[in-house]
Amino acid sequence: MPRIFLIGFIVFFQIFALTESLSAKSRSSSKSSDNSSTSTEKKKKREIRKPSENSEKFLESSWSAFETGTPSEKKETIKKVKSWIRAHPDDGGGYYYLGIMLAETGPSSEAIQNLHTALSYFPNSPDVMLKLAEVLISEGEGEEELAGLLDKALSIQPNNPAALSMSGMRALATGNKKAAFDFLNKAVEQDPENPNTLRELGRLLIDMGNPKDAYDNLRKAILLDDSDPESHWLAGKALEILGKVSESADEFAKAKKLGRNDLHVEGLVGYDLARSLSQAGRNDEAIKEYRKMIRTSTDPKTGYLELGALFEGIGKSEKALDIYQKAFEKLKLPEAAFHTAEIYRNDRDNANALEWLGKISTRRDEWGEKARKEITEIKQENDQSRHDKLMEAAVNGPDDTKERALKALLMKDKTDKEALLGLKELAIEKGDLGAAIWYIKELKKAGHLTEWEADSQTNDLMSKQEQGEDIAKFESRLDDFQNHGEYDKALLELGKIKARTESTYEYWKHFSTKSPEEREYKKKMTNFYKEKIKELTARGKQIREAKKWHGK
């Protein structure tokens with residue numbers, strides 16, 4: 001049987017089983033041995049072959065001395081009871097009392113042994129069965145025997161609250177929540193003012209997803225015993241689920257105060273109080289609680305990470321950075337370094353982000369993998385940002401700036417299509433047809449032009465180069481002559497340009513194609529030069545009219 005049984009119930013069973021069994025003076029007796037309302041202590045004593053008055057007095061006074069005694073006095077009482085048993089080996093009550101004393105002081109193995117002996121004298125006593133079951137639970141053993149003891153106790157006293165509660169917890173430990181609820185609910189019906197049973201029913205209802213009924217039971221438990229920190233903690237859990245975070249924080253605070261210096265309670269409450277304060281918007285209180293827990297908790301990691309997240313959530317990134325960096329410095333938490341990098345990256349400070357990611361990038365775990373992925377993304381972002389800036393300069397800057405920007409892009413990536421095209425066009429504009437042809441070859445090498453497209457563009461440029469000049473130079477001189485009123489020279493340049501254009505048009509008109517792609521390109525080029533011829537014809541007419549107008 002798992003030790004989880006002991007966590008919520010051990011104190012309850014000690015008080016209930018012992019006081020219900022042993023306070024014989026406060027109970028009435030009956031002649032019927034199977035009457036469930038009769039004191040089981042009286043039944044037990046009747047079954048001890050009518051023990052002498054001295055036996056009853058000795059055992060009751062010994063128990064009284066044990067309950068009120070100091071640790072050393074308790075040991076002395078146990079010695080006396082052992083001596084009594086040696087002198088009265090058939091006194092079953094002696095074994096029972098010795099068993100329940102040893103259950104408290106240890107060793108548990110001796111407690112189990114003596115309770116087994118007592119059970120042989122009182123085979124139908126639920127009190128003996130339940131005390132033995134309690135010790136078996138605390139030791140986490142005897143599952144089969146435990147089941148038999150609880151079943152038999154309930155067969156004798158079906159409404160025994162302690163037996164019902166223990167059966168409920170046993171069912172819960174085996175995963176049978178429905179049976180656990182039935183047992184615990186019935187236990188509450190039989191003893192509605194037992195705060196321990198109410199608390200455990202509340203715990204179960206939280207686990208079953210019913211926080212409202214859980215809180216109702218826990219509130220009753222707190223009214224009966226306001227000093228139990230675990231009831232306050234569970235009430236806080238129920239309220240938290242119900243969305244009443246401020247009230248939840250108050251309950252966690254009470255639990256923590258009542259359980260001060262109690263490691264079990266501190267472990268239960270943990271960071272629940274700080275979380276509830278944060279969820280309720282009581283950030284200053286939450287921050288104070290987180291800082292306190294970081295100093296005192298055995299789990300400072302959670303405190304650092306959650307406090308850092310709280311600072312991030314309220315927009316205090318500098319304080320979040322301070323917390324995460326301290327966490328990495330003191331605990332070497334990889335997630336703290338990662339969150340630090342995230343903050344820097346969100347602030348567009350990629351240099352610091354890369355520095356912090358570098359601290360964990362060599363780890364062979366999920367955080368190392370995440371860091372390496374982030375580093376790759378940041379570097380890609382940096383490259384894209386530089387690329388965008390260079391492209392902006394290449395498009396909008398003066399010619400010399402354009403060329404430097406495009407060459408910088410090409411230095412980073414020899415296959416950059418935009419850079420190669422831009423440099424080719426610049427070369428053509430400057431009349432550097434040799435450079436333009438070289439860029440065409442690079443475009444082809446990089447896969448941006450097919451062999452046919454590259455050859456076509458190269459042939460066109462080589463044709464211009466063979467004539468010693470290119471269209472751009474002709475058109476530049478044409479503009480100059482026309483603007484200065486030198487109309488005869490303008491018409492001469494226009495004639496050269498038109499002749500070149502018509503020649504190129506004829507070339508494309510009769511160009512032999514082998515594929516749909518080539519046919520489409522031929523159509524595009526012939527249309528282009530056809531329109532160009534029309535434009536040149538219209539411009540010639542304009543120049544002649546201007547010459548006539550000026551009388552030249």
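Guide: Helix 18 and helix 19 are roughly antiparallel to each other. The model is a predicted one.

Visitor: Why are helix 18 and helix 19 called roughly antiparallel?

Guide: The axes of helix 18 (residues 300-313) and helix 19 cross at roughly 160 degrees. An angle over 145 degrees counts as roughly antiparallel, so the pair of helix 18 and helix 19 falls in that class.

Visitor: What else describes the crossing of helix 18 and helix 19, and which residues in the two helices meet?

Guide: The crossing is left-handed, and the two axes come within 7 Å. On the helix 18 side the meeting residues include Tyr304, Leu305, Leu307 and Phe311. On the helix 19 side they include Ala320, Ile323, Tyr324 and Leu331.

Visitor: What makes helix 6 roughly antiparallel to helix 7?

Guide: Helix 6 and helix 7 (residues 126-139) pack at about 155 degrees, their axes 10 Å apart. That angle is also over the 145 degrees required, so helix 6 is roughly antiparallel to helix 7. Helix 6 passes helix 7 in a left-handed crossing. Among the residues that meet there are Ala111, Ile112, Leu115 and Leu119 in helix 6, and Val128, Leu132, Val135 and Leu136 in helix 7.

Visitor: Why is helix 5 said to be largely enclosed by the rest of the structure?

Guide: Because 11 of the 14 residues of helix 5 are buried. Each of these has under 20% relative accessible area. The buried residues of helix 5 include Gly92, Gly93 and Gly94, as well as Tyr95, Tyr96 and Tyr97.

Visitor: How do you know that the span of helix 5 is close to the expected one?

Guide: From its first C-alpha to its last, helix 5 reaches 20 Å, and 20 Å is expected at 1.5 Å a residue.

Visitor: What caps the N-terminal end of helix 5, and what follows helix 5?

Guide: Asp91 is the cap, with a side-chain oxygen 3.2 Å from the backbone nitrogen of Gly93. That distance is within the 3.5 Å cut-off for a polar contact. After helix 5 comes Gly106, with a positive phi near 85 degrees.

Visitor: What kind of peptide bond joins Gly106 and Pro107, and where does Pro107 lie?

Guide: The bond is cis, with omega at about -5 degrees. Pro107 is in the loop between helix 5 (92-105) and helix 6 (108-121). Most peptide bonds are trans.

Visitor: Are Lys332 and Arg348 buried or exposed?

Guide: The relative accessible area of Lys332 is 52%, over the 50% cut-off, so Lys332 is exposed. Arg348 has 77%, so Arg348 is exposed by that cut-off too.

Visitor: How many helices and strands are there in the protein chain, and what share of its residues is buried?

Guide: The protein chain has 29 helices and zero strands. Of its 552 residues, 44% are buried.

Methods
Residues are numbered from 1 along each chain as its sequence is written. This is a predicted model: local features need pLDDT of at least 70, side-chain atom pairs count only at pLDDT 80 or more; totals for chains, interfaces and linings use all residues. Side-chain values use heavy atoms; hydrogens and water are left out. Helices (H or I, at least four residues) and strands (E, at least two) are DSSP runs, numbered from the N terminus. Buried means under 20% relative accessible area, exposed over 50%, partly exposed in between (1.4 Å probe, protein chains only). The expected span of a helix is 1.5 Å times one less than its number of residues. A polar contact is a pair of N or O atoms within 3.5 Å; within protein, one must be able to donate a hydrogen and the other to accept it, and residues adjacent in sequence count only if both atoms are side-chain atoms. Axes are lines fitted to C-alpha atoms, for helices over the stretch in contact, and angles run from 0 to 180 degrees between N-to-C directions. Angles under 35 degrees count as roughly parallel, over 145 as roughly antiparallel, 65 to 115 as roughly perpendicular and the rest as oblique. A crossing is left-handed if the near helix is turned anticlockwise from the far one by less than a right angle, and right-handed if clockwise. Contact means heavy atoms within 4.5 Å.
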